[in-house]
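Please look over the sequence and the model shown below. The paragraphs that follow lead through selected parts of it.

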Amino acid sequence: MALYTPRGLKIRLNINHAFALMARLYPKVDAFKVLKTTEGIESIPGMLAFIAGVLSFSLGFETYQIGLYTFLACVLGMIITTRYLNLEHLLLFFAFIDEKLVGIFRVLVPRLPGLGTLYSYVSGFGILLVVLIVYGIISVGWKGVLAFFIGRIAAELVNLVITFRVMKKIYSETKVPFTTSEIHFFNAYRLHASKLGKTTDTTVSEEELKEENWIECFKDLESKWPEVVERFYW
């Protein structure tokens with residue numbers, strides 16, 4: 001039995017391990033919120049690429065700049081979500097590219113998980129993509145829109161390499177075949193645990209793994225969102 005987020009992101013963890021972690025947060029933070037935050041963190045690279053595209057269009061950047069900034073934003077999003085990157089280093093990077101972006105990203109970066117969660121609610125319907133294309137054609141023309149998509153595709157290729165390297169490193173250290181989905185889940189847990197003053201350690205004890213210690217959290221999700229729990233049995 002695998003764990004799935006509301007929109008179908010597969011998390012390859014045992015149900016008892018995942019819910020043992022989420023039970024530490026319950027009832028102040030329920031399982032649904034942790035799973036949605038997981039989706040939000042997973043959405044950060046795409047969201048940053050979208051933001052970079054909109055900003056590039058609105059600021060009237062050159063065609064090559066649109067592709068470059070979209071590429072860099074998406075790749076940086078992957079780096080941020082899979083390993084620690086100091087905020088000040090990130091801001092220095094954007095200052096090197098364009099000073100206009102520093103103020104914008106100084107506000108955005110600490111809010112990325114929340115913004116990513118909000119973005120994940122609407123990104124799957126294609127509405128934002130249509131808006132981006134229309135706005136791009138109006139503001140910079142079809143070449144600018146094409147540059148955005150070239151940058152996006154190039155970033156996805158690089159992100160595949162980053163994902164492979166991260167998975168390889170984790171496996172060499174733990175002998176457990178984790179993917180970025182599990183990393184995002186652990187980071188979602190850590191984010192909420194930190195806010196509640198709970199431990200951010202993702203290892204669980206034998207006592208916590210016992211069903212009676214996490215079943216209430218599970219039943220709460222099952223009663224409120226049965227369609228989510230149904231996926232666990234696929």
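Apart from residues up to four places away in sequence, Asp 220 touches Tyr 26 and Asp 30, where contact means heavy atoms within 4.5 Å. This is a predicted model, in which local features need pLDDT of at least 70 and side-chain atom pairs count only at pLDDT 80 or more, while totals for chains, interfaces and linings use all residues. Residues are numbered from 1 along each chain as its sequence is written, and side-chain values use heavy atoms, with hydrogens and water left out.

Asp 220 belongs to helix α11 (residues 215–224); helices (H or I, at least four residues) and strands (E, at least two) are DSSP runs numbered from the N terminus. Asp 220 counts as buried because its relative accessibility is 12%; buried means under 20% relative accessible area, exposed over 50%, and partly exposed in between, with a 1.4 Å probe and protein chains only.

Tyr 26 is joined to Pro 27 by a cis peptide bond, with omega about 10 degrees. In general, most peptide bonds are trans. Pro 27 is located in the loop between α1 (15–25) and α2 (31–58).

The largest nonpolar core has 30 residues, and those with the most contacts inside it are Leu 3, Phe 19, Met 22, Phe 185, Leu 221 and Phe 232. Such a core is a set of buried Ala, Val, Leu, Ile, Met, Phe, Trp, Tyr and Cys residues joined through side-chain atoms within 4.5 Å. Two or more residues of this core come from each of β1 (3–4), α1, α2, α9 (180–196), α11 and α12 (226–231). The largest share, six residues, is given by α1. Another core, of 18 residues, lies apart from it and includes Ile 51, Leu 112, Leu 132 and Val 145.

How do the helices pack against α2? The axes of α2 and helix α7 (residues 127–139) are 9 Å apart, at an angle of about 20 degrees. Axes are lines fitted to C-alpha atoms, for helices over the stretch in contact, and angles run from 0 to 180 degrees between N-to-C directions. α2 and α7 are therefore roughly parallel; angles under 35 degrees count as roughly parallel, over 145 as roughly antiparallel, 65 to 115 as roughly perpendicular and the rest as oblique.

With helix α6 (residues 112–122), the axis of α2 crosses at roughly 90 degrees, and the axes come within 6 Å. α2 and α6 are therefore roughly perpendicular to each other.
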